[in-house]
Amino acid sequence: MLRQRFVLDTTALTDSLAWEGEGCTNICEGMNAILDSVAEARLHLGISCYIPYPSVYNEIRDFVKHNECDEAVLIKVDTWLVKMTPDRYEVKIPSKVFYEYVFYMRSRINKGMNVAEEAIWEAVARCIALSAEEGDLSAMKGEIEREAVGGIVRKFREKYRNALRYGILDSAPDIDILLLAKELNAAVISQDLGVQRWAEQLGLRYLEARTFPVMIKEYLSRARAIQKSDGLPLYVPQFGEDDK
């Protein structure tokens with residue numbers, strides 16, 4: 001039977017819908033619950049879960065410390081998640097993927113430029129309107145910054161983020177997740193739209209972070225049902241040299 005391997009990004013442990021589905025009320029409880037399921041799947045089903053090191057590992061550590069989680073959470077991360085650095089020199093990616101990425105990024109940059117232009121024109125129009133109403137713009141500097149430009153800048157940032165960031169690979173951990181999954185022929189577990197899009201481009205299996213704990217529990221439930229009906233023990237993997 002082909003060994004199941006998964007490469008997790010940070011959202012596999014931190015996505016709120018993932019741990020709320022476990023009946024948890026905060027991120028620390030949620031990470032504990034998900035890691036407990038990972039441990040059980042590792043011991044009884046031979047399922048291996050990897051995280052890129054040090055990029056994703058450091059992100060998870062930061063989440064644990066920032067949310068003041070118990071030290072036990074980090075111990076479980078170190079115990080049940082396999083830390084591995086992707087082979088950035090040997091993993092082969094089709095040149096077509098780079099072509100598609102450059103084309104896609106150009107379209108997103110153009111969208112970002114359009115958003116910036118709209119914000120500039122809106123700010124100019126607002127200042128002209130204020131000038132017509134009050135006359136002296138220099139005397140209205142504070143009001144312009146507070147009422148006109150400030151609101152436009154906030155709106156611009158939100159629209160620019162939507163236009164340029166969502167759906168793209170914008171960090172080293174994102175790249176590491178895809179490279180490691182490609183290297184191991186593993187499934188990607190993430191809630192990031194950029195990771196999802198490019199996992200599809202690379203022909204990688206993909207599963208949303210929020211459904212990952214549900215899938216693990218289904219595996220375990222089915223294994224226990226077979227054990228009960230056939231009187232067989234749960235599968236305990238025999239670890240060989242190729243297991244990590």
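The questions and answers below go through some helices of this predicted model and the terms used for them.

The model is predicted, and local features need pLDDT of at least 70, side-chain atom pairs count only at pLDDT 80 or more, while totals for chains, interfaces and linings use all residues. Residues are numbered from 1 along each chain as its sequence is written, and side-chain values use heavy atoms, with hydrogens and water left out.

Q: How many helices and strands are there in the chain?
A: The chain has 10 helices and 5 strands, where helices (H or I, at least four residues) and strands (E, at least two) are DSSP runs numbered from the N terminus.

Q: How do you know that the span of helix α4 agrees with its 12 residues?
A: The expected span of a helix is 1.5 Å times one less than its number of residues, so α4 (residues 55-66) should span 16 Å, and its end C-alpha atoms are 17 Å apart, which agrees.

Q: Why is α3 called oblique to α10?
A: The axes of α3 (residues 27-45) and α10 (residues 212-230) come within 10 Å and cross at roughly 40°. Angles under 35 degrees count as roughly parallel, over 145 as roughly antiparallel, 65 to 115 as roughly perpendicular and the rest as oblique, and therefore α3 is oblique to α10.

Q: What makes up the contact of α3 with α10, by class?
A: Contact means heavy atoms within 4.5 Å, and the residues that make it include Ile34, Val38 and Leu45 of α3 and Phe212, Ile216 and Leu220 of α10. By class, this contact has 10 nonpolar, 2 polar and 3 charged residues, where Ala, Val, Leu, Ile, Met, Phe, Trp, Tyr, Cys and Pro count as nonpolar, Asp, Glu, Lys and Arg as charged, and the others, Gly among them, as polar.

Q: What makes α8 and α9 roughly parallel?
A: The axes of α8 (residues 172-184) and α9 (residues 193-201) come within 10 Å and cross at roughly 30°, and α8 and α9 are therefore roughly parallel to each other. Their contact is made by Asp174, Ile177 and Leu178 of α8 and Val195, Trp198 and Ala199 of α9.

Note on methods:
Axes fitted to C-alpha atoms, helices over the stretch in contact; angles between N-to-C directions.
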